[in-house]
Amino acid sequence: YLGSQPRVCLFILPCASQQVSAMGDKGTSNHTEVTDFILVGFKVRPELHILLFLLFLFVYAMVLIGNVGMMAIILTDPRLNTPMYFFLGNLSFIDLFYSSVIAPKAMINFWSESKSISFAGCMTQLFLFALFIVTEGFLLAAMAYDRFIAICNPLLYSVQMSTRLCTQLVAGSYFCGCFTSVLQTSMTLTLSFCSSRVIDHFYCDARPLQRISCSDLFIYKMISFFLSSIIILPTVIVIIVSYMYIVSTVLKIHSTEGRKKAFSTCSSHLGVVSVLYGAVFFMYLTPDRFPELSKVASLCYTLVTPMLNPLIYSLRNKDVKEALKKILEKKNTVL
C-alpha cells in the first residue's frame, strides 16, 4: 500500500497540472489574444468579386462627388446661409465620413486573399461608424423640428431657429453619437473572442461580432437594447410628432399652390428619413440566421443612403438647383 502511494501521487500531479494549464488557457483566451479578424464579405463566386468591386467603386465615387459638391454649394452661396442648409451641410459631412469608414476597406478586401482587418482597425471602424450613424439619426430629428417651425410658425422662424440653437442642436447630435459610440465600443472590448476570428460581414459591426464571441452576452444585449431605445425612440418620436403638426397645418392651407410649396420643403427630408430608417429597421429586425439579408440592408444605409441624400435634396430643391446653375455659369464664363 505504501509502495503504491507515490505512483498514485505521481498520477494525480500531472492531471492537476494539466487542469491548471487548461484553466490558464481558458482564462487567457480572450480578445487580448486576437490580433486580427477576417471579414468574409459577400458569399458569392470569385468571378463576381470584380463586379461587386466596380459597384462599390461607382457608388462610393457618387458619394464623394455628391456630398463634397453639396457642401461646396452650401458654403459658397450666401443665399443658402439658413438653418435648413446648415443642417444639410452637416448631413453631407456625416454621410461622406461614415461611408468612407466602410467602403475603402470593403473594396480592398475584394482583391485581398486574407481579407483580414486588425483588432485595432476593427474597433476603430466600429467606433467611427457608430458615432456617425447615431449622429445622423439625431440630426434628422433636428431637421424635422426645423421644418416644423418653418411651416407651423413661419413668422417666428428666424427668432426660434437662431444660429445659437442650430449650433447647439448639431453639437448635441455629435455629443450623443460620441457618447453612444464610446459606450458601444467599450462594451465590445470586454468581449472574449476565443472561438473564431471570422466575421460574417463586410465591415466590423456589433451583431457579427456578437456571433463569434464566447462571452455571456446577456448584459451586453441588455445594454445594447437600452442604447438603441434611447437613440431610436426619441428621434422617431420627434420626427413623427413634427410631421403630424406639419400635415395638420398644411391641410388648413386653402391654396393648392401653398400646399404644394409646403409639402415640397418636407418631401426631401421625409425621403431621406424613410430610406435610412427603413434600412436600419430591416437590418436589425432580420434574424441572425439570414446574415446575407443583413448585409444587403447594411449596404443600403452605409453606401446607398449617402449616395441618394445629395441627389434627393438637389433634384427636389429649387434653391440648390439655382445655386448649382450659378456655379456652372461662373465656371463657363471663366473658361
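Visitor: Which residues does UniProt list for "transmembrane region"?
Guide: The model shown is predicted, whereas the ranges come from an unreviewed UniProt entry. Over one of them, residues 48–73, the chain is 100% helix and 0% strand, with the end C-alpha atoms 37 Å apart. The entry lists residues 48–73, 85–103, 123–145, 165–183, 225–251, 263–284 and 296–315.

Visitor: How far apart are the end C-alpha atoms over residues 123–145?
Guide: Residues 123–145 are among the ranges in the UniProt entry. The chain there is 100% helix and 0% strand. The distance between the end C-alpha atoms is 33 Å.

Visitor: How are α2 and α3 oriented to each other, roughly parallel or roughly antiparallel?
Guide: Helix α2 covers residues 48–76 and helix α3 residues 83–111; their axes are 9 Å apart and the packing angle is about 160°. Angles over 145 degrees count as roughly antiparallel. Therefore α2 and α3 are roughly antiparallel.

Visitor: What is the make-up by class of the contact of α2 with α3?
Guide: The two helices pass in a left-handed crossing. The contact residues divide into 22 nonpolar, six polar and one charged.

Visitor: What is the handedness of the crossing of α4 and α6?
Guide: Helix α6 spans residues 163–189 and packs on α4 at about 150°, with the axes 8 Å apart. The contact residues comprise 20 nonpolar, seven polar and no charged. The crossing is right-handed.

Visitor: How are α4 and α9 oriented to each other?
Guide: The axis of α4 comes within 11 Å of that of helix α9 (residues 256–285), and the two cross at roughly 160°. Angles over 145 degrees count as roughly antiparallel. The two helices are therefore roughly antiparallel.

Visitor: Which classes of residue make up the contact of α4 with α9?
Guide: On the α4 side the residues include Ile 133, Glu 136, Leu 140 and Arg 147, and on the α9 side Ala 262, His 269, Val 273 and Tyr 277. The crossing is left-handed. By class the contact has 11 nonpolar, three polar and two charged residues.

Visitor: Which are the edge strands of the open sheet?
Guide: The sheet has three strands in the order β2-β1-β3, with mixed pairing. An edge strand here pairs on one side only. The edge strands are β2 (116–118) and β3 (198–199).

Visitor: What is the bridge partner of Asp 36 in β2?
Guide: Strand β1 takes in residues 36–39. Three bridges join β1 to β2, and the two strands run antiparallel. The partner of Asp 36 is Ser 118.

Visitor: At about what angle does α4 run to β2?
Guide: Helix α4 (residues 119–152) lies across β1, β2 and β3. Its angle to β2 is about 85°.

Definitions and conventions: Residues are numbered from 1 along each chain as its sequence is written. This is a predicted model: local features need pLDDT of at least 70, side-chain atom pairs count only at pLDDT 80 or more; totals for chains, interfaces and linings use all residues. Side-chain values use heavy atoms; hydrogens and water are left out. Two strands pair if DSSP finds at least two bridges between them. Helices (H or I, at least four residues) and strands (E, at least two) are DSSP runs, numbered from the N terminus. Contact means heavy atoms within 4.5 Å. Axes are lines fitted to C-alpha atoms, for helices over the stretch in contact, and angles run from 0 to 180 degrees between N-to-C directions. Angles under 35 degrees count as roughly parallel, over 145 as roughly antiparallel, 65 to 115 as roughly perpendicular and the rest as oblique. A crossing is left-handed if the near helix is turned anticlockwise from the far one by less than a right angle, and right-handed if clockwise. Ala, Val, Leu, Ile, Met, Phe, Trp, Tyr, Cys and Pro count as nonpolar, Asp, Glu, Lys and Arg as charged, and the others, Gly among them, as polar. UniProt positions are given in the numbering used here, feature names are shortened, and annotations may be inferred rather than shown by experiment.
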